Amino acid sequence: MQGSNREAVRVAVLADSDTRWKWGALTARRITTATAEPTGFVLRGRATPTARQLAETGVSTTTPREVTGADFLRAVRDAAARGEGYDVVVLALVGGTVRAVLQGLADLDLDRRPVIVTGYVGVVYEKLTDGLLLRHGADVVLANSRHDAERFRAVYEGVGAGADSVVEAALPFLGGAPHTPEAGRDTLVFAAQPSVPATRTERAYVLRRLIEHARLHPQREVLLKLRSKPGEHTTHLEEFPFQKLVRELEPPANFRLVYGHMGEVLDRTDLLVTVSSTAALEALRRRIPTAILTDLGVREALGNHHFVGSGLLASFDRLDKGLAPTPDETWLARQGVASDGSYEAAFDAARDRVTALLALPALPPIAPYYTAETAPGYLPGILARHRLDVTAPEPRESGLRRIVRDAARGAYRHGVQRVAPVIRRLGEL
(Lines give C-alpha, C1' and ligand atoms only; values in the text may rest on other atoms or scores of the structure.)
Protein backbone atom coordinates (compact mmCIF):
# COMPACT_ATOMS: atom_id res chain seq x y z
CA MET A 1 0.00 0.00 0.00
CA GLN A 2 1.57 3.20 -1.16
CA GLY A 3 -0.19 5.50 1.26
CA SER A 4 0.57 3.69 4.51
CA ASN A 5 3.73 1.81 3.49
CA ARG A 6 2.46 -1.33 5.19
CA GLU A 7 1.90 -4.71 3.62
CA ALA A 8 -0.93 -5.76 5.95
CA VAL A 9 -4.20 -3.86 6.12
CA ARG A 10 -5.19 -3.10 9.71
CA VAL A 11 -8.92 -2.68 10.26
CA ALA A 12 -10.91 -1.52 13.29
CA VAL A 13 -14.67 -1.83 13.72
CA LEU A 14 -16.61 0.31 16.19
CA ALA A 15 -20.20 -0.81 16.78
CA ASP A 16 -22.95 0.13 19.23
CA SER A 17 -25.14 -3.00 19.21
CA ASP A 18 -25.06 -6.68 18.36
CA THR A 19 -26.60 -6.23 14.92
CA ARG A 20 -24.23 -3.41 14.04
CA TRP A 21 -21.26 -5.47 15.22
CA LYS A 22 -22.42 -8.24 12.89
CA TRP A 23 -22.74 -5.80 9.99
CA GLY A 24 -19.45 -4.04 10.73
CA ALA A 25 -17.31 -7.14 11.15
CA LEU A 26 -18.68 -8.81 8.02
CA THR A 27 -18.44 -5.59 6.02
CA ALA A 28 -14.80 -5.14 7.04
CA ARG A 29 -13.96 -8.57 5.64
CA ARG A 30 -15.83 -8.03 2.39
CA ILE A 31 -14.49 -4.60 1.45
CA THR A 32 -10.81 -4.91 2.44
CA THR A 33 -7.94 -7.22 1.62
CA ALA A 34 -7.17 -7.68 5.31
CA THR A 35 -6.24 -11.25 6.20
CA ALA A 36 -6.37 -10.79 9.98
CA GLU A 37 -9.54 -10.41 12.01
CA PRO A 38 -10.62 -6.77 12.42
CA THR A 39 -9.97 -5.26 15.83
CA GLY A 40 -13.39 -4.97 17.41
CA PHE A 41 -14.75 -2.28 19.70
CA VAL A 42 -18.27 -2.08 21.12
CA LEU A 43 -19.45 1.29 22.33
CA ARG A 44 -20.62 1.35 25.93
CA GLY A 45 -24.17 2.63 26.15
CA ARG A 46 -27.84 1.73 26.36
CA ALA A 47 -27.63 -0.98 23.70
CA THR A 48 -24.29 -2.52 24.72
CA PRO A 49 -24.66 -6.22 23.84
CA THR A 50 -23.91 -9.06 26.22
CA ALA A 51 -21.31 -11.72 25.51
CA ARG A 52 -24.14 -14.09 24.56
CA GLN A 53 -25.56 -11.64 22.02
CA LEU A 54 -22.13 -11.06 20.48
CA ALA A 55 -21.44 -14.78 20.25
CA GLU A 56 -24.85 -15.36 18.69
CA THR A 57 -23.95 -13.13 15.74
CA GLY A 58 -21.46 -15.80 14.74
CA VAL A 59 -19.10 -13.36 13.03
CA SER A 60 -15.96 -13.64 15.16
CA THR A 61 -14.28 -15.87 17.71
CA THR A 62 -12.73 -12.80 19.33
CA THR A 63 -14.95 -10.74 21.62
CA PRO A 64 -14.79 -7.02 20.80
CA ARG A 65 -13.54 -4.70 23.51
CA GLU A 66 -16.15 -2.57 25.30
CA VAL A 67 -15.15 1.12 25.19
CA THR A 68 -16.38 4.66 25.52
CA GLY A 69 -16.03 6.98 22.56
CA ALA A 70 -12.97 8.56 24.18
CA ASP A 71 -11.44 5.11 24.77
CA PHE A 72 -11.82 4.30 21.09
CA LEU A 73 -10.17 7.53 19.97
CA ARG A 74 -7.32 6.92 22.39
CA ALA A 75 -6.88 3.44 20.94
CA VAL A 76 -6.70 4.87 17.41
CA ARG A 77 -4.22 7.55 18.51
CA ASP A 78 -2.02 5.13 20.47
CA ALA A 79 -1.93 2.59 17.65
CA ALA A 80 -0.74 5.31 15.28
CA ALA A 81 1.92 6.40 17.78
CA ARG A 82 3.26 2.82 17.86
CA GLY A 83 3.46 2.72 14.10
CA GLU A 84 0.54 0.29 14.01
CA GLY A 85 -2.19 2.70 13.00
CA TYR A 86 -5.45 1.43 11.51
CA ASP A 87 -5.73 1.70 7.75
CA VAL A 88 -9.51 1.36 7.74
CA VAL A 89 -12.09 2.16 10.42
CA VAL A 90 -15.63 0.85 9.97
CA LEU A 91 -18.20 2.84 11.95
CA ALA A 92 -21.23 0.62 12.56
CA LEU A 93 -23.13 3.24 14.53
CA VAL A 94 -26.24 5.41 14.52
CA GLY A 95 -25.92 8.62 12.54
CA GLY A 96 -25.33 11.03 15.41
CA THR A 97 -22.55 8.87 16.82
CA VAL A 98 -20.93 8.61 13.40
CA ARG A 99 -20.83 12.42 13.16
CA ALA A 100 -19.30 12.72 16.64
CA VAL A 101 -16.65 10.08 15.93
CA LEU A 102 -15.82 11.80 12.64
CA GLN A 103 -15.17 14.98 14.64
CA GLY A 104 -13.08 13.07 17.14
CA LEU A 105 -10.97 11.41 14.43
CA ALA A 106 -10.42 14.75 12.74
CA ASP A 107 -9.31 16.27 16.06
CA LEU A 108 -6.65 13.57 16.50
CA ASP A 109 -4.77 15.25 13.64
CA LEU A 110 -2.96 12.03 12.73
CA ASP A 111 -0.11 12.06 10.23
CA ARG A 112 -2.01 9.42 8.30
CA ARG A 113 -5.67 9.02 9.15
CA PRO A 114 -7.61 5.83 8.40
CA VAL A 115 -10.10 5.40 5.58
CA ILE A 116 -13.51 5.75 7.23
CA VAL A 117 -16.39 3.52 6.16
CA THR A 118 -19.99 3.58 7.39
CA GLY A 119 -23.49 2.63 6.30
CA TYR A 120 -26.75 1.11 7.49
CA VAL A 121 -27.30 -2.35 8.97
CA GLY A 122 -30.57 -3.10 7.21
CA VAL A 123 -33.65 -1.65 5.58
CA VAL A 124 -33.55 2.16 5.56
CA TYR A 125 -37.16 3.12 6.14
CA GLU A 126 -36.86 6.13 8.45
CA LYS A 127 -34.59 9.13 9.02
CA LEU A 128 -33.15 8.77 5.54
CA THR A 129 -32.09 12.39 5.08
CA ASP A 130 -31.04 13.08 8.68
CA GLY A 131 -29.16 9.81 8.99
CA LEU A 132 -27.33 10.30 5.72
CA LEU A 133 -26.28 13.86 6.45
CA LEU A 134 -24.96 12.81 9.86
CA ARG A 135 -22.87 10.15 8.10
CA HIS A 136 -21.55 12.55 5.46
CA GLY A 137 -17.82 13.05 5.82
CA ALA A 138 -16.97 9.36 5.83
CA ASP A 139 -14.86 8.28 2.86
CA VAL A 140 -17.28 5.48 2.00
CA VAL A 141 -21.01 5.43 2.73
CA LEU A 142 -22.23 1.98 1.78
CA ALA A 143 -25.66 1.49 0.25
CA ASN A 144 -27.11 -1.99 0.61
CA SER A 145 -28.80 -2.01 -2.80
CA ARG A 146 -29.18 -0.13 -6.07
CA HIS A 147 -32.41 1.29 -4.65
CA ASP A 148 -30.59 2.74 -1.64
CA ALA A 149 -27.62 4.00 -3.67
CA GLU A 150 -29.93 6.08 -5.85
CA ARG A 151 -31.73 7.51 -2.81
CA PHE A 152 -28.48 8.27 -0.98
CA ARG A 153 -26.96 10.13 -3.93
CA ALA A 154 -30.17 12.10 -4.42
CA VAL A 155 -30.06 13.31 -0.80
CA TYR A 156 -26.41 14.38 -0.93
CA GLU A 157 -26.72 16.06 -4.30
CA GLY A 158 -29.97 17.70 -3.22
CA VAL A 159 -28.26 19.60 -0.39
CA GLY A 160 -25.18 20.41 -2.44
CA ALA A 161 -22.95 17.86 -0.69
CA GLY A 162 -20.57 15.55 -2.52
CA ALA A 163 -22.03 12.13 -3.30
CA ASP A 164 -18.80 10.40 -4.37
CA SER A 165 -18.65 8.56 -1.06
CA VAL A 166 -21.84 6.59 -1.82
CA VAL A 167 -20.96 3.11 -3.05
CA GLU A 168 -23.50 0.46 -3.95
CA ALA A 169 -22.96 -2.84 -2.15
CA ALA A 170 -25.28 -5.25 -0.32
CA LEU A 171 -26.01 -6.48 3.16
CA PRO A 172 -22.94 -8.52 4.11
CA PHE A 173 -24.78 -11.35 5.85
CA LEU A 174 -26.99 -12.64 3.01
CA GLY A 175 -25.40 -16.07 2.91
CA GLY A 176 -26.52 -19.60 3.58
CA ALA A 177 -27.67 -22.45 1.41
CA PRO A 178 -30.71 -22.07 -0.87
CA HIS A 179 -33.99 -23.26 0.57
CA THR A 180 -34.52 -26.98 0.14
CA PRO A 181 -37.87 -28.41 1.27
CA GLU A 182 -37.65 -31.59 3.31
CA ALA A 183 -40.26 -34.31 3.46
CA GLY A 184 -42.18 -34.12 6.71
CA ARG A 185 -40.85 -30.66 7.63
CA ASP A 186 -43.15 -27.62 7.74
CA THR A 187 -41.76 -24.73 9.76
CA LEU A 188 -43.03 -21.17 9.94
CA VAL A 189 -40.68 -18.67 11.59
CA PHE A 190 -41.80 -15.23 12.71
CA ALA A 191 -38.84 -12.83 12.92
CA ALA A 192 -39.58 -10.53 15.84
CA GLN A 193 -38.35 -6.96 16.19
CA PRO A 194 -37.83 -5.11 19.49
CA SER A 195 -39.95 -2.08 18.62
CA VAL A 196 -42.02 -3.06 15.55
CA PRO A 197 -44.84 -3.09 16.33
CA ALA A 198 -44.36 -0.90 19.36
CA THR A 199 -47.57 -0.95 21.41
CA ARG A 200 -48.62 -3.68 23.80
CA THR A 201 -51.93 -4.12 21.98
CA GLU A 202 -50.29 -4.62 18.60
CA ARG A 203 -47.61 -6.99 19.92
CA ALA A 204 -50.24 -9.01 21.76
CA TYR A 205 -52.27 -9.19 18.54
CA VAL A 206 -49.32 -10.58 16.57
CA LEU A 207 -48.61 -13.14 19.28
CA ARG A 208 -52.25 -14.22 19.47
CA ARG A 209 -52.47 -14.68 15.70
CA LEU A 210 -49.26 -16.74 15.65
CA ILE A 211 -50.68 -19.02 18.35
CA GLU A 212 -53.99 -19.28 16.49
CA HIS A 213 -52.09 -20.18 13.32
CA ALA A 214 -50.26 -22.93 15.21
CA ARG A 215 -53.60 -24.33 16.42
CA LEU A 216 -55.04 -24.23 12.90
CA HIS A 217 -52.01 -26.09 11.53
CA PRO A 218 -51.01 -28.68 14.15
CA GLN A 219 -48.64 -30.33 11.68
CA ARG A 220 -46.68 -27.10 11.26
CA GLU A 221 -43.97 -25.98 13.68
CA VAL A 222 -44.44 -22.28 14.48
CA LEU A 223 -41.33 -20.58 15.86
CA LEU A 224 -41.16 -17.06 17.25
CA LYS A 225 -37.54 -16.01 16.69
CA LEU A 226 -36.48 -13.49 19.35
CA ARG A 227 -33.54 -11.12 19.25
CA SER A 228 -32.75 -10.87 22.95
CA LYS A 229 -33.50 -12.40 26.30
CA PRO A 230 -35.10 -10.42 29.16
CA GLY A 231 -32.62 -7.90 30.53
CA GLU A 232 -30.55 -7.73 27.35
CA HIS A 233 -30.57 -4.67 25.12
CA THR A 234 -30.78 -4.11 21.40
CA THR A 235 -30.54 -1.12 19.09
CA HIS A 236 -34.23 -0.34 19.65
CA LEU A 237 -35.96 -0.46 23.00
CA GLU A 238 -38.32 -3.37 23.59
CA GLU A 239 -40.95 -2.16 26.01
CA PHE A 240 -43.23 -5.20 25.72
CA PRO A 241 -41.16 -8.37 25.25
CA PHE A 242 -42.97 -11.32 23.68
CA GLN A 243 -41.51 -13.52 26.43
CA LYS A 244 -43.68 -11.72 28.98
CA LEU A 245 -46.79 -11.47 26.82
CA VAL A 246 -46.82 -15.19 26.08
CA ARG A 247 -47.17 -15.98 29.79
CA GLU A 248 -50.76 -14.77 29.61
CA LEU A 249 -51.60 -17.33 26.92
CA GLU A 250 -51.58 -21.09 26.51
CA PRO A 251 -49.86 -21.86 23.23
CA PRO A 252 -50.02 -25.36 21.72
CA ALA A 253 -47.06 -27.73 21.69
CA ASN A 254 -46.14 -26.84 18.10
CA PHE A 255 -45.49 -23.18 19.06
CA ARG A 256 -42.11 -22.26 20.55
CA LEU A 257 -39.89 -19.27 21.32
CA VAL A 258 -36.39 -19.64 19.87
CA TYR A 259 -33.11 -17.73 19.98
CA GLY A 260 -29.85 -18.28 18.14
CA HIS A 261 -28.10 -17.26 14.94
CA MET A 262 -30.64 -16.20 12.32
CA GLY A 263 -28.82 -18.10 9.59
CA GLU A 264 -29.12 -21.34 11.53
CA VAL A 265 -32.81 -20.75 12.16
CA LEU A 266 -33.34 -20.06 8.46
CA ASP A 267 -31.71 -23.39 7.65
CA ARG A 268 -34.90 -25.08 8.85
CA THR A 269 -37.42 -22.43 7.78
CA ASP A 270 -40.09 -23.08 5.14
CA LEU A 271 -41.97 -19.78 5.54
CA LEU A 272 -40.52 -16.60 7.06
CA VAL A 273 -43.04 -14.07 8.34
CA THR A 274 -42.23 -10.63 9.72
CA VAL A 275 -43.42 -7.05 9.83
CA SER A 276 -40.26 -5.50 8.38
CA SER A 277 -37.21 -7.31 9.77
CA THR A 278 -34.01 -7.49 7.73
CA ALA A 279 -34.40 -11.25 8.20
CA ALA A 280 -36.83 -11.03 5.27
CA LEU A 281 -33.96 -10.06 2.97
CA GLU A 282 -31.85 -12.92 4.32
CA ALA A 283 -34.70 -15.33 3.61
CA LEU A 284 -35.36 -13.94 0.15
CA ARG A 285 -31.71 -14.28 -0.81
CA ARG A 286 -32.02 -18.00 0.02
CA ARG A 287 -35.35 -18.30 -1.80
CA ILE A 288 -37.24 -19.10 1.37
CA PRO A 289 -40.94 -18.20 0.96
CA THR A 290 -41.44 -14.89 2.79
CA ALA A 291 -44.45 -12.86 3.90
CA ILE A 292 -44.62 -9.25 5.12
CA LEU A 293 -47.57 -8.69 7.45
CA THR A 294 -50.24 -6.13 6.61
CA ASP A 295 -52.54 -6.81 9.59
CA LEU A 296 -51.45 -3.61 11.36
CA GLY A 297 -51.47 -1.58 8.17
CA VAL A 298 -48.78 -0.76 5.63
CA ARG A 299 -47.23 2.20 7.40
CA GLU A 300 -43.96 4.10 7.53
CA ALA A 301 -43.90 3.65 11.31
CA LEU A 302 -43.80 -0.11 10.81
CA GLY A 303 -41.29 -0.09 7.98
CA ASN A 304 -43.32 -2.52 5.89
CA HIS A 305 -43.98 0.21 3.34
CA HIS A 306 -40.45 -0.58 2.14
CA PHE A 307 -41.88 -3.82 0.69
CA VAL A 308 -44.53 -2.18 -1.49
CA GLY A 309 -44.10 -3.69 -4.94
CA SER A 310 -42.35 -6.78 -3.62
CA GLY A 311 -45.32 -9.12 -3.99
CA LEU A 312 -44.78 -10.22 -0.38
CA LEU A 313 -47.51 -8.32 1.49
CA ALA A 314 -49.94 -10.66 3.21
CA SER A 315 -52.27 -10.90 6.20
CA PHE A 316 -52.62 -13.63 8.79
CA ASP A 317 -56.01 -14.51 7.32
CA ARG A 318 -54.35 -15.34 4.01
CA LEU A 319 -51.46 -17.16 5.66
CA ASP A 320 -53.96 -19.21 7.65
CA LYS A 321 -55.46 -20.31 4.32
CA GLY A 322 -52.08 -21.47 3.02
CA LEU A 323 -50.77 -18.47 1.07
CA ALA A 324 -47.03 -18.43 0.33
CA PRO A 325 -46.28 -15.12 -1.48
CA THR A 326 -44.21 -15.07 -4.67
CA PRO A 327 -41.66 -12.22 -4.79
CA ASP A 328 -41.38 -9.81 -7.70
CA GLU A 329 -38.04 -10.46 -9.43
CA THR A 330 -37.49 -6.84 -10.48
CA TRP A 331 -38.00 -5.68 -6.89
CA LEU A 332 -35.58 -8.33 -5.62
CA ALA A 333 -32.87 -7.21 -8.02
CA ARG A 334 -33.18 -3.58 -6.93
CA GLN A 335 -32.91 -4.63 -3.29
CA GLY A 336 -29.66 -6.53 -3.78
CA VAL A 337 -31.08 -9.95 -2.96
CA ALA A 338 -31.44 -11.52 -6.40
CA SER A 339 -30.16 -15.08 -6.59
CA ASP A 340 -28.63 -14.70 -10.04
CA GLY A 341 -25.00 -14.71 -8.87
CA SER A 342 -24.69 -10.91 -8.73
CA TYR A 343 -24.42 -10.95 -4.94
CA GLU A 344 -20.95 -12.47 -5.10
CA ALA A 345 -19.71 -9.35 -6.90
CA ALA A 346 -21.75 -6.89 -4.84
CA PHE A 347 -18.77 -5.69 -2.79
CA ASP A 348 -16.25 -5.29 -5.63
CA ALA A 349 -16.90 -1.57 -6.07
CA ALA A 350 -16.50 -0.86 -2.34
CA ARG A 351 -13.31 -2.92 -2.16
CA ASP A 352 -11.92 -1.09 -5.18
CA ARG A 353 -12.70 2.31 -3.63
CA VAL A 354 -11.08 1.42 -0.31
CA THR A 355 -8.01 0.07 -2.11
CA ALA A 356 -7.73 3.25 -4.20
CA LEU A 357 -8.01 5.45 -1.10
CA LEU A 358 -5.34 3.46 0.71
CA ALA A 359 -3.02 3.95 -2.25
CA LEU A 360 -3.23 7.76 -2.08
CA PRO A 361 -0.13 9.54 -0.72
CA ALA A 362 -2.43 11.38 1.70
CA LEU A 363 -6.14 11.38 2.44
CA PRO A 364 -8.09 14.64 2.29
CA PRO A 365 -9.28 16.25 5.53
CA ILE A 366 -12.55 14.91 6.96
CA ALA A 367 -15.21 17.27 5.60
CA PRO A 368 -18.74 16.54 6.93
CA TYR A 369 -21.80 18.34 5.63
CA TYR A 370 -22.94 19.31 9.13
CA THR A 371 -20.56 21.95 10.46
CA ALA A 372 -20.75 24.93 12.82
CA GLU A 373 -21.59 26.98 9.73
CA THR A 374 -24.22 24.78 8.05
CA ALA A 375 -26.02 23.55 11.19
CA PRO A 376 -25.14 25.84 14.15
CA GLY A 377 -28.42 25.09 15.91
CA TYR A 378 -28.21 21.31 15.51
CA LEU A 379 -24.63 20.05 15.41
CA PRO A 380 -23.55 21.30 18.88
CA GLY A 381 -26.24 19.23 20.56
CA ILE A 382 -25.16 16.13 18.61
CA LEU A 383 -21.54 16.58 19.63
CA ALA A 384 -22.29 17.53 23.23
CA ARG A 385 -23.98 14.18 23.78
CA HIS A 386 -20.73 12.39 22.93
CA ARG A 387 -17.80 13.17 25.22
CA LEU A 388 -15.16 12.47 22.60
CA ASP A 389 -12.93 15.52 22.74
CA VAL A 390 -11.01 14.37 25.82
CA THR A 391 -8.38 12.81 23.57
CA ALA A 392 -7.51 16.07 21.86
CA PRO A 393 -3.83 16.98 22.30
CA GLU A 394 -3.25 19.89 24.62
CA PRO A 395 -3.11 22.78 24.43
CA ARG A 396 -4.92 22.66 21.08
CA GLU A 397 -8.66 23.10 21.48
CA SER A 398 -10.62 20.32 19.82
CA GLY A 399 -13.20 21.02 17.14
CA LEU A 400 -15.89 19.38 19.25
CA ARG A 401 -15.27 21.62 22.26
CA ARG A 402 -15.00 24.71 20.07
CA ILE A 403 -18.26 24.00 18.21
CA VAL A 404 -20.22 23.36 21.41
CA ARG A 405 -18.67 26.34 23.22
CA ASP A 406 -19.35 28.78 20.38
CA ALA A 407 -22.94 27.56 20.01
CA ALA A 408 -23.59 27.93 23.73
CA ARG A 409 -22.19 31.46 23.80
CA GLY A 410 -24.12 32.42 20.69
CA ALA A 411 -27.38 31.08 22.10
CA TYR A 412 -26.77 32.92 25.37
CA ARG A 413 -26.20 36.18 23.51
CA HIS A 414 -29.47 35.73 21.64
CA GLY A 415 -31.43 35.03 24.79
CA VAL A 416 -32.15 31.35 24.19
CA GLN A 417 -33.33 29.99 27.55
CA ARG A 418 -32.67 26.35 26.67
CA VAL A 419 -28.93 26.92 26.43
CA ALA A 420 -28.32 26.09 30.10
CA PRO A 421 -28.17 22.29 29.61
CA VAL A 422 -25.69 22.74 26.75
CA ILE A 423 -23.47 24.96 28.91
CA ARG A 424 -23.60 22.42 31.73
CA ARG A 425 -22.66 19.65 29.31
CA LEU A 426 -19.80 21.78 28.01
CA GLY A 427 -18.51 22.02 31.54
CA GLU A 428 -18.37 18.22 31.70
CA LEU A 429 -16.26 17.91 28.55
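Strand β2 and strand β3 (residues 65–67) run parallel and are joined by three bridges; two strands are taken to pair if DSSP finds at least two bridges between them. Within this pairing, Val-42 has Glu-66 of β3 as its bridge partner. The model is a predicted one, in which local features need pLDDT of at least 70 and side-chain atom pairs count only at pLDDT 80 or more, while totals for chains, interfaces and linings use all residues. Residues are numbered from 1 along each chain as its sequence is written, and side-chain values use heavy atoms, with hydrogens and water left out. Helices (H or I, at least four residues) and strands (E, at least two) are DSSP runs, numbered from the N terminus.

On β2 there is also a pairing with strand β1 (residues 11–15), in the parallel sense and over four bridges. Leu-14 stands opposite Phe-41 of β2 there. Together, β1, helix α1 (residues 18–31) and β2 form a right-handed β-α-β unit; right-handed means that, with the strands pointing away from the viewer, the path from the first strand over the helix to the second runs clockwise. Strand β2 (residues 39–43) is largely enclosed by the rest of the structure, because four of its five residues are buried, that is, under 20% relative accessible area, with exposed meaning over 50% and partly exposed in between (1.4 Å probe, protein chains only).

The next topic is a pair of helices. The axes of helix α3 (residues 69–81) and helix α4 (residues 95–108) come within 10 Å and cross at roughly 35°. Axes are lines fitted to C-alpha atoms, for helices over the stretch in contact, and angles run from 0 to 180 degrees between N-to-C directions. On the α3 side, Phe-72, Leu-73, Val-76 and Arg-77 meet Val-101, Gly-104, Leu-105 and Leu-108 of α4, contact meaning heavy atoms within 4.5 Å. By class, this contact of α3 with α4 has six nonpolar, one polar and one charged residues; Ala, Val, Leu, Ile, Met, Phe, Trp, Tyr, Cys and Pro count as nonpolar, Asp, Glu, Lys and Arg as charged, and the others, Gly among them, as polar.

Strand β6 (residues 140–143) is likewise parallel to its partners. Three bridges join strand β5 (residues 115–119) to β6, and Gly-119 stands opposite Leu-142. From β5 the chain crosses through helix α5 (residues 128–135) to β6 in a right-handed β-α-β crossover. Another three bridges link β6 to the parallel strand β7 (residues 166–168), where Glu-168 is the bridge partner of Ala-143. A right-handed β-α-β unit is made by β6, helix α6 (residues 146–158) and β7. Val-140 and Leu-142 point one way from β6, Val-141 and Ala-143 the other way, and all are buried.

Further along, six strands form an open sheet with parallel pairing, in the order β10-β9-β8-β11-β12-β13. Its edge strands, β10 (255–258) and β13 (313–314), each pair on one side only. Five bridges join strand β8 (residues 187–191) to strand β9 (residues 221–225), with Val-189 opposite Leu-223. Helix α7 (residues 200–216) lies across β8, β9 and β10, running at about 160° to β9.

In the loop between β12 (290–293) and β13 lies Asn-304, which counts as buried because its relative accessibility is 0%. Not counting residues up to four places away in sequence, Asn-304 touches residues including Val-275, Ile-292, Arg-299 and Leu-313.
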